[in-house]
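Hello,

Here is the structure I promised to pass on to you. Please open it alongside this note, and I will walk you through what turned up.

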Amino acid sequence: MRTTAVTAFCLAAALSLAACSSETKAETVKSAGSSPSAAADGPAGEPLPMGKGTETVGAGGGGKLEITPMSVVYAAKTATDKPARGLFAVVTVQERPMTEVAAAETTPTEKGGWQWIAADGQAANNEANIFLKGFDSGGPIRAGASQVRARTFDITNAQRGGTLTYTDGEGKSFRWTIPAQDSGPQTAQVKKVLGG
């Protein structure tokens, strides 16, 4: 009788310990899948400030790109184009491959690329046919290189100060808060190019 009671106690303790260890394992696996930095970069977290970079997956899942929006300039025209909605928001973005292979941005045809989301919820896609001299427009960036590119959005004056969104090669979205006034290290250079 005493042996049976001891055996039953040990069995209950072992089952309790097994249940605790499986709960701990499940919690560990769950928390390992969502790091705080990944949450801050995605749609569920707060947008990053302009000037803060984040690592993204390149087009077609190839390579990784660190993407950092650097400057914004609002303009009524470029040297060759006028906005249909009244204002261009030109954002410069520094991009750098993070792996030993070349990497490229995604495009809307790949369900990726850039969008400007205004406070009123209206979205504007990057104007792919507007090129600014001195700023690279697209294509793969070789490993070890870094490029500053310009992304242009046709918006209304009321839509200044929006949220810049980029969707990468894994379909993950990243967001940045863009100021409503011209700002950033490339402001003077962009204004000079815009003036012709």
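Glu-66 and Arg-96 form a salt bridge, with their closest N and O atoms 2.9 Å apart. This pair ties together distant parts of the chain: Glu-66 sits in strand S3 (residues 64–75) and Arg-96 in strand S4 (residues 87–97), 30 residues apart. Glu-66 is partly exposed at 24% relative accessibility, and Arg-96 is partly exposed at 35%. Please keep in mind that this is a predicted model.

The count of salt bridges comes to 6. Among them is the contact between Lys-191 and Asp-182, at 3.2 Å from N to O. Lys-64 also has a partner, Glu-55, with the closest N and O atoms 3.8 Å apart. Elsewhere, Glu-95, Asp-136 and Arg-149 are linked in a network of salt bridges.

Now for the sheet. It is open and mixed, with 5 strands in the order S1-S9-S8-S5-S6. Strand S1 (48–49) and strand S6 (123–125) are the edges, each pairing on one side only. S1 runs parallel to strand S9 (residues 173–177) over 2 bridges, and there Pro-49 stands opposite Thr-177.

S8 and S9 are antiparallel and joined by 5 bridges, with Tyr-166 opposite Phe-174. Their hairpin has 5 residues between the strands, and Gly-171 takes a positive phi near 80° in it. Strand S8 (residues 163–167) is also joined by 5 bridges to strand S5 (residues 113–117), again antiparallel; in this pairing Gln-115 faces Thr-165.

Enjoy exploring it!

Best wishes

Notes:
Residues numbered from 1 in each chain as written. Predicted model: local features only at pLDDT ≥ 70, side-chain atom pairs only at ≥ 80, totals over all residues. Heavy atoms only, no water. Pairing = 2+ DSSP bridges. Helix = DSSP H or I, 4+ residues; strand = E, 2+ residues; numbered from the N terminus. Salt bridge = Lys/Arg side-chain N within 4 Å of Asp/Glu carboxyl O. Buried < 20%, exposed > 50% of the residue type's maximum accessible area, 1.4 Å probe, protein only.
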